[in-house]
Amino acid sequence: MKISNSYLYDQATRNIQTARSDVSKSREQIASGKSLVRPSDDTSKLRSIEILKSQQHKVESYKNSMSHLTDRFQLEEGVLQSASDILIRLKELAIQAANDSMSASDRDIIAVEVNGLRDELLSIANTRDVEGNFIFSGSKTGSQPFRMDGETGDVSCEGDSRRLFTSVSDSRVLQVNTDGTQDRKSTRLNSS
C-alpha cells in the first residue's frame, strides 16, 4: 500500500491542531486555576464536584442552624437565670414580710418592691431574641406571650405549645422554640 504525501500532510496538520487545542486547554486551566474549565472536560469529575458542593452547602446550613440554636439557648439560659434570681428575691421578701416584727408601712415598702419584681419578671418572660421574636411564645413568635390585666393584675399566657424543629445533621433535629408555660427540663429531655 502506497501512502501519499497529501495523507501525511493531512495527518501532520491534524496532529498540530490537536496539539494546539491541548496547549490552549492547558493555558485555560492555568489561567483559571481549575482543572475543569468546561463541563465537557470530564463529566464524572464534574458530577463529583457538584455532589461535594451540595454537601458543602448542606453542612453550612447545619452549621448556621446550630449557631442560631446556640445563641437562642444561651439567651434563654440567661433569661431563666435572671428570673431565678428574681424568684429568690421574692422568696426572701415573703419570708421578711411574714415576720411579726414588721410594721404595716414596712410591709407596704416590701409590696412596692414585690410589684416591681413582678413587672420585671413579666418583662423577662416577654424577652425577644436578636431577630425580634419572643422567645417564650411557642410558635407564635410574633405575639407577646404574657400579658397582665391592668385591673386585676392577673397574667395570662397567649403563646402556644406547638413545637418547631430544625435539622442540625442528617439524622438529628432539635426543638427551636420554647413554650413559656412548659417545664424547661422536660422540654430539653424530650427533644433528645
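Trainee: What makes the 2.9 Å between the backbone oxygen of F146 and a polar atom of the side chain of N126 a polar contact?

Mentor: A polar contact is a pair of N or O atoms within 3.5 Å, where within protein one must be able to donate a hydrogen and the other to accept it, and residues adjacent in sequence count only if both atoms are side-chain atoms; the 2.9 Å between F146 and N126 lies within 3.5 Å, so the pair is counted. Keep in mind that this is a predicted model, in which local features need pLDDT of at least 70 and side-chain atom pairs count only at pLDDT 80 or more, while totals for chains, interfaces and linings use all residues. Residues are numbered from 1 along each chain as its sequence is written, and side-chain values use heavy atoms, with hydrogens and water left out.

Trainee: Why is N126 called buried, rather than exposed?

Mentor: Buried means under 20% relative accessible area, exposed over 50% and partly exposed in between, with a 1.4 Å probe and protein chains only; N126 has 12% relative accessibility, and therefore counts as buried. Leaving aside residues up to four places away in sequence, N126 touches F134, Q144, P145 and F146, where contact means heavy atoms within 4.5 Å. N126 sits in the loop between α3 and β1 (146–148).

Trainee: How do you know which pairs count as salt bridges, for instance D170 with K58?

Mentor: A salt bridge is a side-chain nitrogen of Lys or Arg within 4 Å of a carboxyl oxygen of Asp or Glu, and the closest N and O atoms of D170 and K58 are 3.5 Å apart, so the pair qualifies. The pair links distant parts of the chain, since D170 is in the loop between β3 (165–167) and β4 (173–175) and K58 in helix α2 (residues 43–97), 112 residues apart. D170 has a relative accessible area of 61% and is therefore exposed, whereas K58, at 33%, is partly exposed. Over the whole structure, the search finds seven salt bridges.

Trainee: How do you know where the model is least confident, among its elements?

Mentor: The predictor's confidence in each residue is pLDDT, from 0 to 100, and helix α4 (residues 184–191) has the lowest mean of the elements, 40, against the highest, 93, for helix α3 (residues 104–125). Over residues 184–192 pLDDT stays under 50, and the model has 14 contacts beyond four places in sequence for them. The mean for the protein is 84, with 90% of its residues reaching 70 or more.

How values were computed. Helices (H or I, at least four residues) and strands (E, at least two) are DSSP runs, numbered from the N terminus.
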